[in-house]
Amino acid sequence: MIDIKRLRQDPDGTRAALARRMDPSAIATFDRILDLDRRRREILVRAEALKAERNAATEEVAKLKRAGAPADALLASLKVSADAVKALDADLRAVDEALEPELLTVPNLLLPDVPDGDVTHNRVMHTWGEIPRFAFTPKPHWDLGEALGILDLANGAKVAGSGFPILRGMGAKLVRALANFMLDLHTREHGYEEVAPPYLVNRASMQGTGQLPKFGDELYTVEADGLYLIPTGEVPLTNIYRDTILDASSLPVAVCAWTPCFRREAGAAGKDTRGMIRVHQFDKVELVRLCRPEDTEAQHELIARQAETVLERLELPYRRLALAAGDTGFHSARTWDLEAWAAGVGTWLEVSSASTFTDFQARRAGIRFRPSPGARPEFVHTLNASGLAFPRTIIALLENNQEADGSVRIPGALAPYLGTDRLVARA
RNA sequence: GGCGUGGUGGCCGAGUGGUUUAAGGCAGCGGUCUUGAAAACCGCCGAACCGGAAACGGUUCCGUGAGUUCGAAUCUCACCCACGCCGCCA
C-alpha cells in the first residue's frame with residue numbers, strides 16, 4: 001500500500017511515478033483515490049467536531065445527574081445530535097469502504113534506478129559462469145528425466161492434472177537433497193533462521209503481502225475454511241511479523257523456509273506447457289528479510305548475492321537481470337531476476353527473483369519497528385528472494401550436466417546430499 | 001464437532017452504564033542522590049487518524065463486527081482466537 005499522505009501532498013509527482021509502470025488503470029485508480037480522500041476528510045472534520053460537542057454535553061449530563069439535578073432539556077438536544085453523528089458516521093463508512101479497495105490496488109512506487117520501459121528493456125547486470133558446449137545435441141529435461149526414471153509427467157497429469165509433475169526415485173531424492181543443501185547454506189553461512197510455516201493462510205495474510213485483493217485468480221482457495229494455498233513462502237514468512245512492533249535490535253530479521261508453492265497460472269495458459277518449466281505446484285527455498293529503511297540498498301544486494309551463491313555452488317551459469325518498470329511486479333519497488341542457463345531448452349530460466357518492497361508490504365501488514373526507545377514506530381522494509389526454486393534448478397542441472405550416454409553429472413556441493421555424483425539412465 | 005472458562009496498553013493485572021483523560025505493578029526513558037553502580041525517591045512513559053507553519057487541539061481504539069443508549073471496556077447478538085474436558089482422528 002502506498003502512503004496516502006504522500007499521494008495527497010505530491011499528487012503530480014506520485015502520478016508521474018505511477019505512470020512509469022505503464023498501467024493506465026493505476027492512474028485512473030489514483031484520481032478516484034484523491035477525490036475519495038478529499039470527501040473523507042470533509043466528512044471526518046464535521047463528524048469529529050460534532051462528537052467533540054456531544055462528548056462535552058454528555059459530561060454535563062453526568063455532572064447534573066451526580067448533583068441530583070434534572071437533565072431533561074440537555075438530553076433532548078443530545079438525542080438530536082446523536083442522530084446527526086450516526087448519519088455522518090454512516091457517510092464516512094461508505095467513503096472508507098469505497099476508498100480501501102482502491103488503495104489496495106495501487107502498485108508500489110519504483111526506485112529511481114529501475115530501467116524505464118517494458119519487458120524488452122530488462123537489463124543484464126552481470127553474468128557468471130561458462131555456458132556449456134556439447135559435441136552432441138543436448139536434450140531437454142523431459143527427455144532426460146524420463147530416461148533417467150526420475151520424472152513422471154504422464155502420471156502427474158493423471159493424478160492431479162497437467163502442471164503437476166511427479167519426481168520419483170532419485171528425482172524425489174534430488175528434491176530432498178536440494179532442500180537440505182540450500183537450507184544448510186542459508187542457515188549456517190548466511191545467518192537465517194529456518195522456519196516450517198503453514199502452507200494455507202488466511203485472507204489477512206494474503207492481503208498483507210499483496211496477493212489480494214488484486215491477484216485472487218492466481219490462488220488456489222479452500223473455500224469452506226476461507227483459506228488460500230500459498231503461492232510462495234514469502235507469504236507465511238512475512239506475515240509472521242504482521243501487526244507487530246519490532247525492537248530495533250532485532251533487525252535485520254532473516255528467516256528462510258522450504259515450502260511448496262501453488263499457482264494457478266491463470267494468465268499463462270498455453271505457455272511453457274512442456275516439461276516442468278511452468279507448473280502449478282513446486283518446491284522452493286525462500287529467503288525473507290526485514291530491515292530499517294536506510295538499509296534497503298545494502299540488504300537488496302546482500303539477499304541477491306545469497307541467492308547467487310546457491311547458483312555458484314551448484315556450478316550453474318546465470319545472469320542477473322534488472323527488471324524494467326513495466327515488468328516489475330505489483331508490490332515490488334525493484335526486482336532483480338536470477339536466470340540460470342538451461343542447455344537443453346536453450347534458454348535462460350528464472351530461478352530466483354530478488355525484490356525489495358520498501359515499506360509497501362510493511363504498511364499493508366502493519367510491520368513496524370521502534371528506531372529508539374520511546375520513539376514513534378516506523379514501517380520496516382521487507383525483502384525476499386528465492387534461494388532457489390527447485391524445478392528450474394533441476395532443469396538446469398540435468399540439461400547442463402548431461403553427457404552423450406544420457407547420464408548426468410552432479411556438482412560437488414550437491415553430491416554428498418544426493419549420495420552420488422552421477423545419475424545414470426536405467427538399463 | 002459438543003460443553004465450559006477466558007480475551008484489557010510492550011508484559012502482568014483491576015475495572016459490570018457517566019470524575020476511565022483505563023487503577024496498580026513490572027519493564028523502558030529522564031532526573032535527584034552517589035567516586036561509579038545498585039537501591040530509594042521524583043517525573044515521563046500506547047497506537048492510528050484529522051486540523052494546524054508550529055505550539056497545540058480534536059476524534060477513535062479494552063479480540064472482531066453489528067446493535068441498545070444522550071453516553072458502552074462495562075449491556076445484547078454473531079463471529080474469531082486461546083485454554084480445559086469430552087467425542088473423532090494422522
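RNA strand B is surrounded by 25 residues in this predicted model, and the closest of them are Arg8, Arg41, Ala62, Lys79 and Arg368.

Helix H1 (4–9), helix H3 (24–67), helix H4 (72–104) and strand E14 (367–370) each put at least two residues into the surface near RNA strand B. H3 gives the most, with 14 residues. Sorted by class, this surface has 13 charged, 10 nonpolar and 2 polar residues.

Start with Arg8, where an N or O atom in the side chain sits 2.8 Å from a phosphate oxygen of RNA strand B.

Leave the RNA for a moment and turn to the aromatic rings. Searching the whole structure turns up 6 aromatic pairs. One of them joins Phe134 and Phe136: the ring centres are 5.3 Å apart and the planes meet at 70°, so this pair is edge-to-face. The cut-off behind that label is an angle over 60 degrees. As for solvent, Phe134 is partly exposed at a relative accessible area of 23%, and Phe136 is partly exposed too, at 28%.

Phe181 and Tyr417 make another edge-to-face pair, with 6.0 Å from centre to centre and 70° between the planes. Here the pair links distant parts of the chain: Phe181 belongs to helix H7 (residues 170–189) and Tyr417 to helix H13 (residues 415–418), 236 residues apart. Are the two partners buried or exposed? Phe181 has a relative accessibility of 4%, so it counts as buried, given that the cut-off for buried is under 20%. Tyr417, on the other hand, is partly exposed, with a relative accessible area of 28%.

One last stop among the aromatics is a group of three phenylalanines: Phe215, Phe330 and Phe360 form one aromatic cluster.

Terms used. Residues are numbered from 1 along each chain as its sequence is written. Chains are lettered from A and ligands numbered from 1 in the order in which they are written. This is a predicted model: local features need pLDDT of at least 70, side-chain atom pairs count only at pLDDT 80 or more; totals for chains, interfaces and linings use all residues. Side-chain values use heavy atoms; hydrogens and water are left out. Rings of Phe, Tyr and Trp (its six-membered ring) pair if their centres lie within 6.5 Å; planes under 30 degrees apart count as stacked, over 60 as edge-to-face and the rest as tilted. Buried means under 20% relative accessible area, exposed over 50%, partly exposed in between (1.4 Å probe, protein chains only). Helices (H or I, at least four residues) and strands (E, at least two) are DSSP runs, numbered from the N terminus. A residue is near a molecule or strand if one of its heavy atoms lies within 4 Å of it. A polar contact is a pair of N or O atoms within 3.5 Å; within protein, one must be able to donate a hydrogen and the other to accept it, and residues adjacent in sequence count only if both atoms are side-chain atoms. Ala, Val, Leu, Ile, Met, Phe, Trp, Tyr, Cys and Pro count as nonpolar, Asp, Glu, Lys and Arg as charged, and the others, Gly among them, as polar.
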